[in-house]
Amino acid sequence: MASAMGSSGEIQWCFSQVKGSTDEEVTEADIISTVEFNESGDLLATGDKGGRVVIFQRDSSVRTSADYNLYNTFQSHEAEFDYLKSLEIEEKINKVRWLKQCNQANFLLATNDKTIKLWKIVERTKRAVGFNTVTDAGLLRDTQSVTTLRVPSFQPSEPYIDVVNRRTFANAHAYHINSVSVNSDLQTFLSADDLRINLWNIDNNTESFNILDIKPNNMEELTEVITSAEFHPQQCNEFVYSISKGAVRLCDMRDSALCDRHAKVFEEPEDPSSKSFFSEIIASISDVRYSHSGRYLLTRDYLTVKVWDVNMEARPVHTFQVHDHLSQQLCPLYENDCIFDKFECGWSGDDSHIITGSYNNFFRVFDLKTQYDVCLEASRDCMKPMQPLRPKKIVASGPGKRKKDEVSMDSIDFNRKVLHSSWHPKENILAVAATNSLYLFHAPNKSR
């Protein structure tokens, strides 16, 4: 893994690129809603609220380059209307997940609130020509003008990228889909909504198997919802899901067809002295991720990010405060709905570091070995290539002179937030989404 270490051993991050419009007025449809590297890290996919998937490809002309160029853009989902429920279904992409590459083609799953689509992306150098009812330009031909029967053939052409919707997985979720996870068997994937988790076969979109259902007979008795779910990276029979009560449950599909009884539960006991009106809201887990080794779990709630050992359920092995300064501002955060923001988290390729986002376009990187953490900003103010990022420090409000990299709590902009990020699976390259911009940072040279 490539890295560059500072004098105290921490990674020195540098600016690489920024993608997205520089317009001050941000269009709602352009706001990035998910980010994901593929298994090799050569492709990077983003989804937005307009239902589009944008794919970037790493610049292969320079071996050590951390630059990514636009590869393809396509419309994955359109806005729909459910006439039976009088409900509008947004085109917003909630998740994209790459499948393991097995040939020249790449496959990814993209989902909005109700429908999952499997997309095939492949580079082609030949086109089919010589159709009888369609011209080479793709226009319909007048059938009366067809006097001879032609046999279509493939002819060499300029290289182009062909994007095809191979399958659509629909009509299986009554509530909004919040997670999609591809299984290590490369044949199945799960999709989770607020109350159910379904198991699909990638080759069969006509049926799915319900493997978890927490919906009570009486909805008035509902006390928790599913917030995230993911398969184990190696064990195809295990998956975890998080709930709004602040717990993570591990299930083994070998136990029973319906995993209504979990094998393990990871939950930290609540301190009765700190209980308040906001306790359950800030305890809700917005994201759960297995480490690449499968030994650890990473969870993110509103104020903290925690690392759990799958062999130790009693308490997390690490707890990091992401924005502890907000613990005294929960009332205004509740009034402006920021307390319901869903922050994601992620692992480095070697499981030694974790990343998660915060407000003011800040994001934090934590070193699990040294406990060192750094707060950095995704900003267009420092856009020189290879320019090192200067750590930010949040200080209390009040009179007095502040240093250049100190930020007052009163000046934090809650409309600028980093909800989505992804770490390159093999190198120290970060993709950070901030509103409608995608920032790329890297730690240059020095392989270890």
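Phenylalanine 340 has 40% relative accessibility, so it counts as partly exposed. The model is a predicted one. In it, phenylalanine 340 sits in the loop that runs between α2 (330-335) and β24.

## Two loop residues with positive phi

Look next at aspartate 351. Its phi is positive, about 65°, yet this residue is not a glycine. Aspartate 351 belongs to the loop between β24 (345-347) and β25 (353-357). Is aspartate 351 buried or exposed? Its relative accessibility is 16%, so aspartate 351 counts as buried.

Glutamine 371 is not a glycine either, and its phi is positive at about 70°. Its place is the loop between β26 (362-367) and β27 (373-377). Glutamine 371 has 39% relative accessibility and therefore counts as partly exposed.

Serine 16 is part of strand β1, which spans residues 14-19. Its relative accessibility is 9%, so serine 16 counts as buried. The cut-off for buried is under 20%.

Where do the polar atoms of the serine 16 side chain find partners? One partner is the side chain of aspartate 67, in a polar contact of 3.1 Å. Another is the backbone oxygen of alanine 66, which lies 3.4 Å from a polar atom of the serine 16 side chain.

Now set aside the neighbours within four places in sequence. Serine 16 is then in contact with Ala66, Asp67, Leu440, Phe441 and His442. Ala66 and Asp67 on this list also supply the two partners described above.

How many bridges link strand β14 and strand β15? There are five, and the two strands pair in the antiparallel sense. Strand β14 covers residues 196-201, and strand β15 covers residues 204-213.

The two strands form a hairpin, with two residues between them. Asparagine 201 stands opposite asparagine 204 in β15. As a general point, side chains in a regular strand alternate between the two faces of the sheet.

Conventions. Residues numbered from 1 in each chain as written. Predicted model: local features only at pLDDT ≥ 70, side-chain atom pairs only at ≥ 80, totals over all residues. Heavy atoms only, no water. Helix = DSSP H or I, 4+ residues; strand = E, 2+ residues; numbered from the N terminus. Buried < 20%, exposed > 50% of the residue type's maximum accessible area, 1.4 Å probe, protein only. Polar contact = N/O pair within 3.5 Å; in protein donor to acceptor, adjacent residues only side chain to side chain. Contact = heavy atoms within 4.5 Å. Pairing = 2+ DSSP bridges.
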